Amino acid sequence: ENLLPDGLRILGTARSELDREGFAALVAESIGERIPGAERDETALRGLLDRLEYSAASVDDDASMQALAQRVSALRNGDVLYHMSTAPRFYGPACQALAAHGVAGAGTRVMLEKPIGKDLASAIAINDSVAEAFDEERVYRVDHYLGKEGVQNLIALRFGNALFEPLWDARHIEQVQITIGETVGVEGRGDYYDESGALRDMLQNHLLQLLCLVAMEPPARFEPTAVRNEKIKVLRSLRPIGRDEVATESVAGQYTSGAIERAAVPGYADELGRGSRTETFVALRAHVDNWRWSGVPFYLRTGKRLPSRSTEIYIQFRKVPYSIFGGATASDMLPNGLLIKLQPDERIELDLMAKTPGLDRNGLRLSQVGLDLDFHEEFANQRRRIAYERLYLDAIEGNGTLFVRRDETEAAWQWVDAIADGWRAAGIIPKPYPAGTWGPAASVSLTERHGHSWRE
C-alpha cells in the first residue's frame, strides 16, 4: 500500500548460513503459505523481495557481529529499527554488541519480544542491560495484543463515545471478566512453557495489558507518554494477591487428557513427557483500588486446551435499583452487559432488556436481547489487519503508543511475583481439569461464592 519509505531495506540475521537469494526464497515461501491468493500482489511481492538482505551472525561470535554492524552501516540511509525475536537472555548481549560496534546510537531503536524476563529481578537485569545501549525512548517492548484491531476498538469505544464513559465506574459496573482461551496445547514448546506457565506466559503481559485498557483513566491525548502514564497508574493500584490471599483469590490448573472439537488430545504431562507442577490455567479475582473501581472485581482467566479459542472482555452493569414490573417479570430482570470480543471474531455486543412481543394481558414481559455489531459485516470491504502490521509500521515511524514501557513491565512482574511466591509458600499444586473444559471446578467457585458466574 506504499506506506514504506522507498529507501527502506530489510536485513535478516540469524546463525543460519544463508545468502540473500536463499533468504528471499524463504520469505517468498512463507508468504505463499500464509497469505491468501486474493491478497497477493506479485508487483508488491517483488518489491518486498528486492528490499531484502541477509547477514549471518551470532551474539557469541564477535567477528560475525562486527560484520553485521558493517553491513548495517553500509545499508543505512536514515533510521535503523532492530527487531529481536530471540530468547530474552540474548537481548542485553545483542544490544551491547551493536553498541560496541557503533550501530546503536542516535536514530536507532529496538523492538523486544515478550517475555522480558521470568520475574521482577530478571526483568530489571534485562532492562538494565538493554539500557546500556538504548535509552528508554528507543526501546519498544512488544505485546502483540496491543496491536489487535479489537483492542483498538476498545479504546475507540471508551473514549470516542459519550454513551459509555459516564457509566464506566463502580457506581454502574458490578464486575468485569477478561478471558483468553486457547484450544492448543504446548505445540512443541514444552520446555519453554514448563519454565513459564500460564501465569508468566499470558497473565503478566496480555491479560494485564487488557485490564489496563479497561480500567485506565482517559489520557489527555492518544500519544505514547499520556497513554502509558495512565496504564502504570492501574498497575500500581492493583491490590496485591500474596501469601494470605492466593488460596481464596486465585486458582491454578493443569489439563489432563480429554477432547477438543471431538478429537482426543493428551494431557500436559503426556505432551511434556514427564510430571510437572507448571500451571496451564490460571484464574484470579483482582481489584483495582482507586476511586473509579473500588469494590469492583476483575475476574481474569487464561488457559490451554479450553473449549474454544477466544479473547473477550465482558462488563456487567448493575441491575436496575427497582423493578416497576412486579411479579415473575421482576425476577427475570437481567443486568445489562457489554461484550467486547477480540478473537477469533471482532464483535461488540450490548445486552439489554426489551419487551417480549405479545398482548401482555397478564402483565408486560421482558426478555434480554443483544445489539450486535459484527465488524466483519460492517467493514466487509476492509482488509483485516494482523497485529504486527500495525506494530511494525508504528515502530518504523517512531510511534511508541502501543508498546510497553519499562515501568509497566516491572510493575506487572512485581504483582505477578507475589502470586507465584504465595503459591510456593502455600504448596499449591495445579488442580487437574480435562482438556476441552473451562478449567478446574475451583475456578467456578472463585466467582460463584461472590454471587457471580463466568460468561461461557
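Let me start with helix α6, residues 149–159, which is mostly covered, since eight of its eleven residues are buried. The buried residues of α6 are G150, V151, Q152, N153, L154, I155, L157 and R158. Please keep in mind throughout that we are looking at a predicted model.

One of those buried residues, R158, leads on to the charged pairs, because side chains of opposite charge can pair when their charged atoms come close. R158 belongs to a network of salt bridges in which it is linked with E165, E217 and R292. The count of salt bridges comes to 31, and I will go through a few of them individually.

The pair I would like to take up next is E182 and K304, which form a salt bridge with their closest N and O atoms 3.2 Å apart. E182 sits in the loop between β6 (173–181) and α7 (190–215), while K304 sits in the loop between β11 and β12, so this pair ties together parts that are 122 residues apart in sequence. Is K304 buried or exposed? K304 has a relative accessibility of 3% and therefore counts as buried.

R405 is buried, with a relative accessible area of 14%, whereas D407, at 24% relative accessibility, counts as partly exposed. E410, for its part, forms a salt bridge with R406, where the closest N and O atoms are 2.6 Å apart. Both E410 and R406 lie in helix α14, residues 406–426, and they are four residues apart, which is about one turn of the helix. E410 is buried as well, with a relative accessible area of 16%.

Let me now turn to the backbone. As a reminder, most residues other than glycine have a negative phi, and most peptide bonds are trans. With that in mind, where do we find residues other than glycine with a positive phi? R262 has a positive phi of about 70° although it is not a glycine, and R305 likewise has a positive phi, near 60°. R262 is found in the loop between β8 (258–260) and β9 (263–265), and R305 lies in the loop between β11 (297–303) and β12 (310–317).

One joins K114 and P115, with omega at about 0°, and P115 is placed in the loop between β4 (108–113) and α5. Another joins Q343 and P344, with omega at about 5°, and P344 lies in the loop between β13 (337–343) and β14.

The axes of helix α4, residues 91–100, and helix α5, residues 120–131, come within 8 Å and cross at roughly 5°. Angles under 35 degrees count as roughly parallel, and α4 and α5 are therefore roughly parallel to each other. The contact is made by Y91, G92, P93, C95 and Q96 on the α4 side, and by I126, S129 and V130 on the α5 side.

From there I move to the surface. Which residues form a nonpolar patch on the surface? They are Y322, I324, F325 and L364, and together they have about 460 Å² of accessible area. L364 is placed in the loop between β14 (347–355) and β15 (366–374), and L364 is partly exposed, with a relative accessible area of 33%.

I will finish with a pair of glycines. G32 lies in helix α1, residues 20–34, and is partly exposed, with a relative accessible area of 43%. The C-alpha atoms of G32 and G303 are separated by 31 Å, and the two residues are 271 residues apart along the chain.

Methods: Residues numbered from 1 in each chain as written. Predicted model: local features only at pLDDT ≥ 70, side-chain atom pairs only at ≥ 80, totals over all residues. Heavy atoms only, no water. Patch = residues over 30% accessible without salt bridge, like charges linked within 9 Å, V, L, I, M, F, W, Y side chains within 5 Å. Areas by Shrake-Rupley, 256 points an atom, 1.4 Å probe, with all protein chains shown as cover. Salt bridge = Lys/Arg side-chain N within 4 Å of Asp/Glu carboxyl O. Helix = DSSP H or I, 4+ residues; strand = E, 2+ residues; numbered from the N terminus. Buried < 20%, exposed > 50% of the residue type's maximum accessible area, 1.4 Å probe, protein only. Axes fitted to C-alpha atoms, helices over the stretch in contact; angles between N-to-C directions. Parallel < 35°, antiparallel > 145°, perpendicular 65-115°, else oblique. Contact = heavy atoms within 4.5 Å.
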